[in-house]
Amino acid sequence: MKPTLRSPGSLRALRTTLLNTWLATTKSRRTRAPFVSGLLIAGVIVAGSAALLRASHTPLIAEARAADTAASAPGASADTRSDIVKRGEYLARAGDCVACHTAPRGKLFAGGLAMETPFGTLYSPNITPDAQYGIGTWSQDAFFKMMRTGRTPDGTLIYPAMPIAQYTKVTRQDSDAIFAYLQTVAPVREPNRKHTLRFPFNQRNLLYGWRTLYFREGEFQPDPTKSVEWNRGAYLVEGLGHCTMCHTKINMLGGSSQSEQFAGGLIPVQNWYAPSLTSDKDGGLGDWSIKDIVDLLQAGISDRGAVYGPMAEVTYHSLQYMTEEDVKSMAVYLKTLPDKSGRKSGPSAPTNTNVFALGEKIYADKCALCHGAKGEGKLQHYPPLAGNQSIEMDSSVNPIRIVLNGGFPPGTMRNPEPYGMPPFGQELNDTDAAAVVTYIRTAWGNHGQPVTPREVNELRNAPLH
Amino acid sequence: MHRRTIGSSVLLVFYVLWSGVALAATDASSAMPSAMDERVRACTSCHGVQGQGLNNDYFPRIAGKPAEYLFNQLTAFRDGGRTYPPMGYLLAFLPDDYLRKISQYFANLQPPYPNADQSNVAPAVLAAGQRLVTQGDPARKIPACIACHGARMTGTQPGIPGLLGLHASYIAGQMGTWRSGTRHALAPDCMHSIAVKLSDKDITAVSSWLARQPRPADPRPAPASGERLPLACGSQPQ
């Protein structure tokens with residue numbers, strides 16, 4: 001999670017002395033939920049040790065799917081629900097509530113998803129309208145206050161595994177719609193599971209420290225100098241979409257700064273690299289067309305590449321359901337993020353000749369069939385590797401993992417039967433895998449750096465799922 | 001644009017060449033890979049081009065098994081009923097409709113069976129295995145395998161898999177996970193209730209005997225039968 005709002009100057013100094021303790025959730029995608037930060041006790045900041053963690057990811061969500069189907073089922077035959085409920089369903093998808101508030105094989109929105117951390121386990125709460133165990137007795141006001149302030153109606157501070165620093169930007173109107181929708185789902189009589197955090201992490205007062213640094217309450221403020229479309233995109237990306245929870249780097253102290261917002265970062269423990277959305281130099285969308293961005297987000301595939309890893313889940317549960325207009329507005333906004341450095345240029349990095357030759361041979365044997373003899377790909381199901389930012393990124397994590405683990409893009413309404421990339425971890429040893437990844441990162445004018453067998457080996461144990 | 005066109009042409013030439021080579025090498029029946037052949041490369045790189053399985057314990061034969069059985073396995077891997085992270089990861093974001101199509105694709109394939117296991121196993125063990133498979137053990141209320149999996153042991157439509165063409169260690173491994181509860185099926189989970197009655201010796205006997213059986217003359221699963229199963233199975237509703 002990326003609490004990304006700027007800290008006031010007086011706090012900034014503190015921040016550098018603070019060891020923020022983050023807990024990361026293990027849920028799939030947003031696993032980058034860092035959390036909990038310094039202790040503020042009697043005005044003295046005591047700190048926990050820094051830790052960027054993320055627990056292994058729990059398998060996803062049978063019922064979320066059932067949920068997807070169920071949620072859309074009423075629409076299948078004349079949707080007679082009120083407009084506010086339909087809009088609320090749409091917005092709940094934009095916020096991807098289902099991904100965390102539904103457990104594997106659990107009931108829709110009944111919570112119970114385990115988010116394991118070295119500090120203990122958090123469980124997402126039941127947000128169905130059950131009066132005893134869910135939010136059935138909440139008022140519209142109480143729900144809105146929770147969204148805006150990050151506190152439950154009884155004043156309890158919510159752990160920032162919930163993207164409270166982003167949801168605070170949601171408008172009253174949208175919050176009311178989401179609440180109206182949640183009140184229409186089937187109530188589930190299942191109690192919330194208690195978090196099992198160890199001391200001192202079970203002290204919610206810790207959250208005052210975290211909030212002081214990273215939580216700025218307040219609705220999204222449109223920029224009057226920008227278009228309506230841009231502002232809509234900014235609202236969705238910064239608010240419900242909570243994109244910044246993954247796409248901003250976490251610093252050594254487990255914090256992140258406004259200046260690094262959307263600049264990309266490794267998702268701790270889960271070990272996927274969330275690429276920069278800003279600078280073309282290392283990822284970035286500056287030279288992407290709006291169409292390619294929309295295709296990538298909504299269909300899961302594009303002429304520039306496909307979504308994979310944690311982003312596949314975001315497209316699967318959330319983005320595929322959004323209107324073309326909304327996804328386009330997000331693309332318009334994303335393309336205007338600061339792009340200071342321009343694309344990488346110059347000759348490819350030098351590599352060991354033998355390693356390059358080995359990689360070239362393996363590429364010809366195993367990869368060229370789909371990705372082309374010169375990495376040109378075969379649109380639209382086999383992404384080009386030449387000039388592909390996912391391949392050229394400074395971080396070699398993603399290209400190594402894709403070679404080891406393979407993967408299917410998500411099955412979406414626009415691409416219901418995706419083509420799968422085979423895993424090669426079982427047939428390529430560390431040396432071979434490193435050679436072929438080195439090859440694709442440095443051939444055809446690509447600007448990636450070589451990788452070592454050791455880097456490959458370390459990622460063999462990265463959590464799958 | 002021009003470059004891309006050239007690139008595509010080069011690619012096409014490569015592709016056609018490769019296809020020709022592949023054809024000559026594998027004697028595949030179709031001239032060009034179909035869209036489904038291409039889509040499921042993520043499956044066939046481990047389970048074999050025809051779903052025949054590889055010569056190890058992790059990548060079993062999936063070809064020719066009833067489509068409903070395969071679908072149940074895919075959703076179980078995806079949703080947590082079976083735990084094997086590489087499978088769960090691949091399937092995590094694939095919708096049911098597509099998984100049904102993939103299941104049907106592999107159900108339609110019938111590649112040759114591997115040679116039967118020739119390893120040295122004590123005759124008494126094999127005899128015990130044969131007894132359990134064909135007669136069960138009424139005293140312990142263990143039904144015969146063939147009562148559900150078919151007299152030819154090639155499975156029964158729509159949800160019961162065949163037992164041939166699998167390695168002994170794979171079969172034993174699955175029996176172990178049924179018994180320990182790490183592999184689940186739709187409730188009522190009949191295989192779990194059977195597996196908990198089996199000793200290690202039973203599992204060795206059954207898996208050794210099954211792996212030694214010759215390839216079936218007719219590899220197709222038996223048609224769905226009106227006959228009552230010895231116990232209720234969620235994956236084969238009656």
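**The loop between H9 and H10 of chain A**

A: A:His242 sits in the loop that runs between H9 and H10 of chain A. The model is a predicted one. The phi of A:His242 is positive, about 35°, although the residue is not a glycine. Most residues other than glycine have a negative phi. A:His242 counts as buried because 26 other C-beta atoms lie within 10 Å, where 20 or more are needed.

A:Cys243 is in this loop too, between helix H9 (228-238) and helix H10 (244-247). A:Cys243 is buried, since it has 23 other C-beta atoms within 10 Å. UniProt, in an unreviewed entry, places the feature "binding site" at A:Cys243, A:Cys246 and A:His247.

Of these annotated positions, A:His247 lies in helix H10 of chain A. With 27 other C-beta atoms within 10 Å, A:His247 is buried. Leaving aside residues up to four places away in sequence, A:His247 touches A:Phe262, A:Gly264, A:Ala274 and A:Leu277.

A:Phe109 belongs to the loop between helix H4 (97-101) and strand S3 (114-117) of chain A. A:Phe109 is buried, as 29 other C-beta atoms lie within 10 Å.

Four residues of domain 1 are in contact with six residues of domain 2. On the domain 1 side, three of the touching residues are nonpolar, one is polar and none is charged.

Chain A also meets chain B, in a contact that takes 31 residues from chain A and 27 residues from chain B. Helix H12 (310-317) and helix H14 (353-371) of chain A each supply at least two residues of the chain A side. H12(A) gives the largest share of that side, three residues. By residue class, the chain A side has 17 nonpolar, eight polar and six charged residues.

Chain B has 11 helices and zero strands. Of its 238 residues, 39% count as buried. Among contacts in chain B between residues at least 6 apart in sequence, 69% join residues at least 24 apart.

One of the helices of chain B is H6 (residues 96-107), which has 12 residues and reaches 16 Å from its first C-alpha to its last, close to the 16 Å expected at 1.5 Å a residue. The buried residues in H6(B) are B:Leu99, B:Ile102, B:Ser103, B:Tyr105, B:Phe106 and B:Ala107. An α-helix has 3.6 residues a turn, so residues three or four places apart point the same way. Helix H2 (35-39) and helix H4 (67-79) of chain B are among what covers the buried residues of H6(B).

The backbone of chain B includes two cis peptide bonds to note. The bond from B:Gln157 to B:Pro158 is cis, with omega near 0°, and B:Pro158 is in the loop between helix H8 (146-149) and helix H9 (168-180) of chain B. The bond from B:Ala187 to B:Pro188 is cis as well, with omega near -5°. B:Pro188 falls in the loop between H9 and helix H10 (190-195) of chain B.

Note on methods:
Residues are numbered from 1 along each chain as its sequence is written. Chains are lettered from A and ligands numbered from 1 in the order in which they are written. This is a predicted model: local features need pLDDT of at least 70, side-chain atom pairs count only at pLDDT 80 or more; totals for chains, interfaces and linings use all residues. Helices (H or I, at least four residues) and strands (E, at least two) are DSSP runs, numbered from the N terminus. The expected span of a helix is 1.5 Å times one less than its number of residues. A residue is buried if 20 or more other C-beta atoms lie within 10 Å of its own, exposed if 12 or fewer, and partly exposed in between; C-beta atoms are placed from the backbone. Two residues are in contact if their C-beta atoms, placed from the backbone, lie within 7 Å. Ala, Val, Leu, Ile, Met, Phe, Trp, Tyr, Cys and Pro count as nonpolar, Asp, Glu, Lys and Arg as charged, and the others, Gly among them, as polar. UniProt positions are given in the numbering used here, feature names are shortened, and annotations may be inferred rather than shown by experiment.
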